[in-house]
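This briefing is meant for a reader who is meeting the structure for the first time.

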Amino acid sequence: MRAVGRVLVAVALLASVSACARAVAPNPQPVTATMMDLIGGNAGRAVEQMGPDTEVTLKDVSGKGRSVGDPVEWKICETRPGPNRQITGYPVVLGVVRVAESCG
């Protein structure tokens, strides 16, 4: 009788392990967010809005190849991903020009 009891315990244990394994998603999907429409906005405020957990790269799209120092002095002409698109990878890229310049 003891052998039967051990078999039943083993079967119950295996069943509970199998049930737990099925509860975990086999291929978890990355968390995604939607890109805000930031076109025409101030780059400094946009970076603040996106928060410290969002990796953001600022790129001069004027064709002059300048480095972007203080983002408050720049405005957004384009974004990658585009407005209202899913952010599925980082960094988010903000294409910017100086505030006084046009996006052209």
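The accessible surface of the protein chain comes to about 7,400 Å², and 57% of that surface belongs to carbon and sulfur atoms (areas come from the Shrake-Rupley method with a 1.4 Å probe, and for residues only the protein chains shown count as cover). The model is a predicted one, in which local features need pLDDT of at least 70 and side-chain atom pairs count only at pLDDT 80 or more, whereas totals for chains, interfaces and linings use all residues. Residues are numbered from 1 along each chain as its sequence is written, and side-chain values use heavy atoms, with hydrogens and water left out.

**Whole chain**
- The protein chain has 2 helices and 5 strands, which run α-β-α-β-β-β-β from the N terminus on (DSSP runs, numbered from the N terminus: H or I of at least four residues for helices, E of at least two for strands).
- Of its 104 residues, 21% count as buried (under 20% relative accessible area; exposed means over 50%, and partly exposed lies in between, with a 1.4 Å probe and protein chains only).

- In helix 2 (residues 43-50), the buried residues are Ala-43, Gly-44, Ala-46 and Met-50.
- Seen down the axis of helix 2, these buried residues fall within an arc of 165°, so they line one face of the helix (the arc is that of the directions from the helix axis to the C-beta atoms).
- On the other side of helix 2, Arg-45, Glu-48 and Gln-49 are exposed.

**Ends of helix 2**
- Just after helix 2, Gly-51 takes a positive phi of about 90°.
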